[in-house]
Amino acid sequence: MPRSARQRPQIHRQPVLTGFTLPKLLWVRDNEPQNFERVRKVLLPKDYVRYRLTGEFASEVSDASGTAMFDVVRRRWSFDMMDGLGLDRSILPACYESSEVSGRIAASVAS
C-alpha cells in the first residue's frame with residue numbers, strides 16, 4: 001500500500017460495498033437526477049418506521065455505520081464526506097447511540 005494511502009484517516013473503518021446507502025445515493029444522483037432532486041431525507045427502513053410512528057427523522061450509530069456516510073471514530077455523520085461529494089447535509093437524520101430514546105409515539109398514532 002502506498003505510504004500516502006496509509007496516512008489517510010479512516011472514517012468508516014470498513015470497506016464500502018455497493019449495497020451501502022452512499023453508493024446507491026450517488027448512483028441515483030448521477031443516473032436519475034430528476035429523482036435525486038426529490039430527496040429530502042435519507043432513511044433506512046427502520047428509520048422510516050420510526051418517522052411514521054414518531055414524526056422524528058432519526059437513525060442510530062450501528063445502522064448509520066453501514067451507510068458509508070458515518071464517521072465511526074467520531075460517532076457522527078461525516079459532514080466532510082458529504083461536503084466533498086457535494087451532498088446536502090440536511091438529508092441526513094439526527095443520529096443517536098443505540099440505547100438512546102430517539103422519539104416518542106405520536107398521539108395520533110397511539111390513538
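Is Glu60 buried or exposed? Glu60 is buried, at 10% relative accessibility, where buried means under 20% relative accessible area, exposed over 50% and partly exposed in between (1.4 Å probe, protein chains only). With that in hand, here are some notes to read beside the structure.

1. **What kind of model this is.** This is a predicted model, in which local features need pLDDT of at least 70 and side-chain atom pairs count only at pLDDT 80 or more, while totals for chains, interfaces and linings use all residues. Residues are numbered from 1 along each chain as its sequence is written, and side-chain values use heavy atoms, with hydrogens and water left out.

2. **Confidence.** The predictor's confidence in each residue is its pLDDT, which runs from 0 to 100. The chain averages 89, and 87% of the residues score at least 70. Among the elements of the chain, helix α1 (residues 3-7) has the lowest mean pLDDT, 49, whereas helix α3 (residues 33-36) has the highest, 98. Helices (H or I, at least four residues) and strands (E, at least two) are DSSP runs, numbered from the N terminus.

3. **The nonpolar core.** A nonpolar core here is a set of buried Ala, Val, Leu, Ile, Met, Phe, Trp, Tyr and Cys residues joined through side-chain atoms within 4.5 Å. The largest one has 16 residues, and Leu22 and Met69 touch the most other members. At least two residues of this core come from each of α2 (21-31), α5 (61-64) and α6 (79-84). Helix α2 gives the largest share, 3 residues.

4. **Leu22 and Thr21.** Contact means heavy atoms within 4.5 Å. Once its neighbours within four places in sequence are set aside, Leu22 has contacts with Thr67, Ala68, Met69, Met81, Leu85 and Leu87. Thr21 also belongs to helix α2 and is buried, at 16% relative accessibility. Not counting residues up to four places away in sequence, Thr21 touches Val42, Leu44, Gly66, Thr67 and Met69.

5. Which residues of helix α4 (residues 45-54) are buried? They are Asp47, Arg50 and Thr54. Seen down the axis of α4, these buried residues fall within an arc of 55°, so they line one face of the helix; the arc is that of the directions from the helix axis to the C-beta atoms. An α-helix has 3.6 residues a turn, so residues three or four places apart point the same way. On the other side of α4, Pro45 and Arg52 are exposed. The cover over the buried residues of α4 includes strand β1 (58-60). Just after the helix, Gly55 takes a positive phi of about 80°.

6. Most residues other than glycine have a negative phi. Ala68, in the loop between α5 and β2 (70-71), has a positive phi near 70° and is buried, with a relative accessible area of 1%. Arg75 sits in the loop between β2 and β3 (76-77) and has a positive phi of about 55°. Arg75 is partly exposed, with a relative accessible area of 43%.

7. In one of them, the side chains of Glu60 and Lys46 meet at 3.7 Å, N to O. Glu60 lies in strand β1 and Lys46 in helix α4, so the pair ties together parts that are 14 residues apart in sequence. Lys46 is partly exposed, at 39% relative accessibility, while Glu60 is the buried residue from the opening.

8. **Other charged pairs.** Arg74 forms a salt bridge with Asp71, with the closest N and O atoms 2.8 Å apart. Here Arg74 is exposed, with a relative accessible area of 55%, but Asp71 is buried, at 4%. Arg89 and Asp83 also meet in a salt bridge, at 2.6 Å, N to O. Arg89 is partly exposed, with a relative accessible area of 38%, and Asp83 is partly exposed too, at 40%. Salt bridges that share partners join Lys46, Asp47, Arg50, Glu60 and Asp63 into one network.

Key
Salt bridge = Lys/Arg side-chain N within 4 Å of Asp/Glu carboxyl O.
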